[in-house]
Amino acid sequence: MSRNLVIVESPAKARTIEKYLGKDYQVLASYGHVRDLIPKEGAVDTDNDFAMHYDIIDRNAKQVDKIAKSLKQSDALLLATDPDREGEAIAWHLLELLRDRGLLENKHVARVVFHEITKRAVAHAVAHPRTISDDLVNAQQARRALDYLVGFNLSPLLWKKVQRGLSAGRVQSPALRLICERDAEIEAFVPEEYWRIEAKAEKDDIPFSARLSQLDGEKVEQFTINDRGGADAAYEKLVAAAEGALRVATVEKKQRRRNPSPPFTTSTLQQEAARKLGFNARRTMRTAQNLYEGVKLGDGEETGLITYMRTDSVNLAGEALTEIRQTIADRYGAKNCPDSPRTFKTKSKNAQEAHEAIRPTASARIPSEIKSHLTSDQFRLYELVWQRTVASQMVHAVFDTVSADLAADPDNKHLFRATGRTLREAGFLSVYKEGRDDDKGDDDADKRLPALAEGETIALNEIVPTQHFTEPPPRFTEAALVKTLEEYDIGRPSTYAAIISTLQDREYVEMDGKAFMPTPLGKIVNKFLTDHFTRYVDYEFTANLEDRLDAVSRGEADWRPLLAEFWDRFSDQIESKQDLSREEVAQARELGTDPKTGKPVIVRIGRFGPFVQIGSKDDEEKPKFAGLRKGQDMDKITLDEALYLFNLPRDLGATPEGEEIQVNIGRFGPYVRYGKKFASLKEDDPYTISKQRALEVIAAKKEADAKKLIAHFEDAGIKVQHGPFGPYITDGKKNASVPKDLEPAELTLEQCREILAKAPEKKKRGRKNAKTAAGKKASGSAKTTKTSGAKAKTAASQATKRKTGNGKTRAKKSSSSKSATGKKTAPGTTKTQSKKSGSGGRKGGSAST
């Protein structure tokens with residue numbers, strides 16, 4: 001019997017900590033969240049002071065039972081989940097479940113928190129426990145409620161008005177807006193011409209260049225010379241004035257210092273890992289989680305290599321600073337260690353100063369010395385964290401800079417500016433240099449000038465005018481998007497990975513190299529939200545809401561008034577948008593008139609993506625439809641390009657056997673039909689494929705079918721065939737596996753009929769089943785399962801009843817829930833099926849974005 005039961009979030013962490021604590025402690029994992037909101041209307045009861053109805057997450061129910069069983073044999077319960085809001089909420093939810101089961105009587109319960117998994121840190125945490133923070137729990141509940149209310153009410157509206165399976169999240173939607181607005185800027189950008197003029201000079205066999213900075217006594221700006229005529233005139237004037245030489249008018253020498261960057265926060269780690277390692281945010285957080293939870297080193301013990309990776313703080317603990325400074329002195333010399341430790345100011349409004357930045361748990365653990373024990377990703381990320389941390393406590397770098405004005409005329413009316421820089425003392429740059437979002441070269445590289453003295457004459461080799469054009473703003477890379485989200489105070493660093501993953505999973509954005517581009521669907525969703533729910537994709541509103549949630553976490557505000565204020569306006573907005581037409585939302589755009597029919601040609605988005613149509617639903621004849629081809633943008637497609645899409649289906653004649661050949665595009669892609677059979681076109685373009693090529697595809701399909709066919713009873717319409725799961729019998733209506741004790745090639749017609757008769761009927765594929773399947777998907781950001789199939793009414797369709805009592809359902813199997821203040825609320829109604837979060841190992845009800 002273990003006197004003390006310790007609960008952490010992951011099994012990897014549990015194994016490490018159990019070794020540290022010894023035989024009097026049993027350490028079990030919760031596997032992330034243990035409860036989440038019930039996945040249906042009323043989970044957040046807006047008519048009952050926002051009471052929240054929770055239920056156990058199915059996938060973790062057995063683990064909760066295991067924890068409960070172990071607690072019966074223990075004297076004390078130590079809740080050691082992660083040191084953030086989510087971790088606090090997990091501890092609270094587990095405590096509520098155990099209290100409901102009557103297992104806490106005469107048990108000592110405490111909350112322990114550590115920011116690194118080392119024997120010292122864990123022992124210190126156990127020796128200094130605290131109680132669960134109601135403020136942090138309330139803040140997490142408020143965030144979860146907001147995400148649920150937005151996702152569970154706005155997402156069904158998107159399903160109804162745009163396309164099934166879509167979602168709109170409280171933080172995901174402003175992030176999508178950022179990407180779409182940048183795309184619109186690029187589309188609207190008009191390049192402007194400008195010219196630069198440089199002098200190529202030389203002294204002591206050292207060539208260098210200088211840029212024109214003054215012409216006719218006036219400062220040269222970017223657009224001072226903006227066409228070839230102006231550039232030619234300036235060139236002629238400068239060549240005539242210089243006569244093959246430049247005079248050094250002034251020389252200015254300075255020293256410039258550059259200080260190191262602070263140690264990593266969650267956000268800056270994600271940015272740098274993207275720039276330097278090519279990691280996306282999810283990969284970074286997953287790898288950081290591994291390093292935090294522990295890796296087996298040479299002694300065979302699992303050791304946590306970095307501190308907790310969800311933090312806004314740039315502080316370092318005093319004992320860590322002492323060790324880092326010793327490492328610097330030992331490896332880089334005492335001269336590279338400043339007289340006193342460096343301190344950095346945390347930018348985040350809500351950073352808790354007791355927390356630390358992300359740092360190695362032991363700076364003396366040199367990356368190269370433990371490389372053999374790490375995976376490639378683990379080593380690269382650990383090295384990045386180690387270098388950044390050590391560099392942050394080193395002396396500044398020192399540069400010698402020189403600037404010289406070179407005159408082309410005696411009166412100094414025409415001046416060229418030459419600059420140079422050399423690194424005098426590397427300081428922290430010998431260990432680490434921060435990455436950049438642009439790709440403009442190394443700004444720390446030496447750019448040397450020859451020794452120049454005022455009044456001397458320098459040989460001028462040539463004057464070179466070059467034409468340039470302004471460039472549009474760059475698309476967001478993952479690093480740039482994370483940085484911008486942080487600058488706008490949208491979301492929190494721990495949620496950035498989930499935000500980006502959701503945008504990609506919903507196919508709202510796609511990658512153009514390393515940059516995000518909005519898809520047509522993403523643009524439609526963004527415009528719908530921007531036009532009709534402007535307040536809820538507004539950057540300032542979203543940031544202000546985050547600040548108010550932070551205030552709740554600090555105990556400075558109550559969470560229920562915050563929810564009430566939000567819901568009052570949001571529910572009215574949802575109700576007012578129920579009658580929007582699908583055509584209006586789909587942003588139909590008329591491209592022109594079909595010359596053959598005189599009917600309008602329209603492009604819009606539908607259930608299966610963007611398409612064009614000829615005619616309208618009001619015409620006597622049914623409109624014609626054609627889906628856009630891969631790479632076509634509904635915002636850019638022209639009338640001619642749209643009409644070309646109607647060249648399908650194409651008739652290509654007949655096969656030698658007399659089967660008619662036709663090519664077209666179906667729901668599952670392009671195909672060629674021969675008679676009543678079909679063959680997929682995997683590489684060929686249905687718009688251009690020749691008859692000869694179509695015959696080759698058909699021949700290949702017939703050959704494959706022949707190999708697949710074992711026996712064919714043509715009169716009865718029954719076949720025995722090879723299938724992916726073994727031989728089977730089919731009559732086109734039913735399929736039946738061939739019994740293992742029978743030889744497929746020797747089956748008789750009677751045997752086939754007998755086996756088919758015993759086989760179950762094929763399940764019908766229809767609209768009802770499709771609705772049921774869709775109903776099982778997570779709705780919006782709530783990440784939960786909607787029950788009752790087609791009969792379950794969405795929150796959107798109940799807009800008129802919102803003020804009168806949703807959420808008053810009862811459960812046949814659920815755990816009752818409580819508010820953070822301890823009041824019991826109504827029990828839940830169904831169990832939650834949750835997906836694993838992509839941002840560091842949490843499962844279940846992590847805050848949705």
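Modeller: The model is a predicted one, and the pair to examine is helix α10, residues 318-332, with helix α12, residues 376-392. Their axes cross at roughly 95° and come within 9 Å of each other. The two helices are therefore roughly perpendicular. In general, a packed pair is described by these two quantities, the angle between the axes and the distance between them.

The residues that meet can be listed from each side. From α10 they are Ile324, Thr327, Ile328, Arg331 and Tyr332, and from α12 they are Trp386, Thr389 and Val390. Sorted by class, this contact has 5 nonpolar residues, 2 polar ones and 1 charged one.

Around this pair is a chain of 849 residues, 52% of which count as buried. The chain has 22 helices and 33 strands. Among its contacts with a separation of 6 or more, 69% are between residues 24 or more positions apart. Its accessible surface comes to about 41200 Å², and carbon and sulfur atoms hold 47% of that.

Phe533 sits in the loop between α15 (520-532) and α16 (539-553). With a relative accessible area of 1%, Phe533 is buried, since the cut-off for that class is under 20%. Leaving aside residues up to four places away in sequence, Phe533 touches Leu154, Leu157, Phe528, Phe570, Gln573, Ile574 and Lys577. For Ile574, the separation from Phe533 is 41 residues in sequence, while the C-alpha atoms are 8.6 Å apart in space.

Strand β22, residues 609-614, is a further part to compare by eye. In β22, 5 of the 6 residues are buried, so the strand is largely enclosed by the rest of the structure. Strand β21 (residues 600-606) runs antiparallel to β22 and is joined to it by 6 bridges. A hairpin of 2 residues connects β21 to β22, and Val601 stands opposite Ile614 in this pairing. Strand β22 also pairs with strand β23 (residues 624-627), again antiparallel, through 4 bridges. There Phe611 has Gly627 of β23 opposite.

Some backbone details remain. Asp204 has a positive phi, near 55°, and lies in the loop between β9 (193-203) and β10 (206-215). At 58% relative accessibility, Asp204 counts as exposed. Asn412 also has a positive phi, near 60°. Its loop is the one between β15 (397-407) and β16 (415-425), and Asn412 is partly exposed, at 29% relative accessible area. Finally, the peptide bond joining Leu648 and Pro649 is cis, with omega about -5°. Pro649 is placed in the loop between α19 (639-644) and β24 (650-654).

To return to the request, α10 and α12 are roughly perpendicular to each other, and Trp386 is one of the α12 residues in their contact.

Note on methods: Residues are numbered from 1 along each chain as its sequence is written. This is a predicted model: local features need pLDDT of at least 70, side-chain atom pairs count only at pLDDT 80 or more; totals for chains, interfaces and linings use all residues. Side-chain values use heavy atoms; hydrogens and water are left out. Axes are lines fitted to C-alpha atoms, for helices over the stretch in contact, and angles run from 0 to 180 degrees between N-to-C directions. Angles under 35 degrees count as roughly parallel, over 145 as roughly antiparallel, 65 to 115 as roughly perpendicular and the rest as oblique. Contact means heavy atoms within 4.5 Å. Ala, Val, Leu, Ile, Met, Phe, Trp, Tyr, Cys and Pro count as nonpolar, Asp, Glu, Lys and Arg as charged, and the others, Gly among them, as polar. Buried means under 20% relative accessible area, exposed over 50%, partly exposed in between (1.4 Å probe, protein chains only). Two strands pair if DSSP finds at least two bridges between them. Accessible areas come from the Shrake-Rupley method with a 1.4 Å probe; for residues, only the protein chains shown count as cover.
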